[in-house]
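Please open the model in your viewer and keep the selection panel at hand.

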Amino acid sequence: MEDKEALKKQIAERLKLARELSGLSQAQAATILNFSRPTISEIEQGRRNVSGTELIQFSDIYDVDVNWILSGAEDEYANSKIQLAAREISKMTEDEVNKLFKLLSSMKKSR
């Protein structure tokens, strides 16, 4: 029984982290998912179970892999893309990096 509760708590923590990293508030996520804001809060506190369909929806709006939500396992393909991006960024000037972050910020806002 304790293992199920621990897993539920870990999933809740990953969902909260993914939401925060995606730049969404609980209210914004709730609107997108057609949930109430308290439902998001209940899920993130591990007090409400999440269905498989809901996990897929969270994965889509937060742009994370379902496997990461469930297990914390990193996607090998995603890791290799991140490593490539990091290598390319390390070759950029400070001005270019600042421009890149502005571009990323505007892209995130336009989602």
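What follows is a walk through selected side-chain contacts, one selection at a time.

The model is predicted, so that local features require pLDDT of at least 70 and side-chain atom pairs count only at pLDDT 80 or more, while totals for chains, interfaces and linings use all residues. Residues are numbered from 1 along each chain as its sequence is written, and side-chain values use heavy atoms, with hydrogens and water left out.

**Rings in a helix**

Begin with Phe-58 and Tyr-62, which form a tilted aromatic pair with 5.6 Å from centre to centre and 35° between the planes; rings of Phe, Tyr and Trp (its six-membered ring) pair if their centres lie within 6.5 Å, and planes under 30 degrees apart count as stacked, over 60 as edge-to-face and the rest as tilted. Both residues belong to helix α4 (residues 52-62), where, being four residues apart, they are separated by about one helical turn; helices here are DSSP runs (H or I, at least four residues), numbered from the N terminus.

**From ring to charge**

Which charged end sits over the ring of Phe-35? It is that of Arg-48, 5.6 Å from the ring centre; the criterion is NZ of Lys or CZ of Arg within 6 Å of the ring centre and within 35 degrees of the ring normal.

Arg-48 is partly exposed at 29%, whereas Glu-54 is buried at 12%.

**Two further bridges**

A search of the whole structure finds five salt bridges, among them the one between Lys-91 and Glu-88, at 3.3 Å, N to O. Select this pair and compare the accessibilities: Lys-91 is exposed at 62%, and Glu-88 is partly exposed at 41%.

Finish with Lys-99 and Asp-95, whose side chains meet in a salt bridge at 3.4 Å, N to O. These residues lie four apart in helix α7 (residues 94-109), and are therefore separated by about one helical turn; Lys-99 counts as exposed at 53%, and Asp-95 as partly exposed at 46%.

Notes:
A salt bridge is a side-chain nitrogen of Lys or Arg within 4 Å of a carboxyl oxygen of Asp or Glu. Buried means under 20% relative accessible area, exposed over 50%, partly exposed in between (1.4 Å probe, protein chains only). Helices (H or I, at least four residues) and strands (E, at least two) are DSSP runs, numbered from the N terminus.
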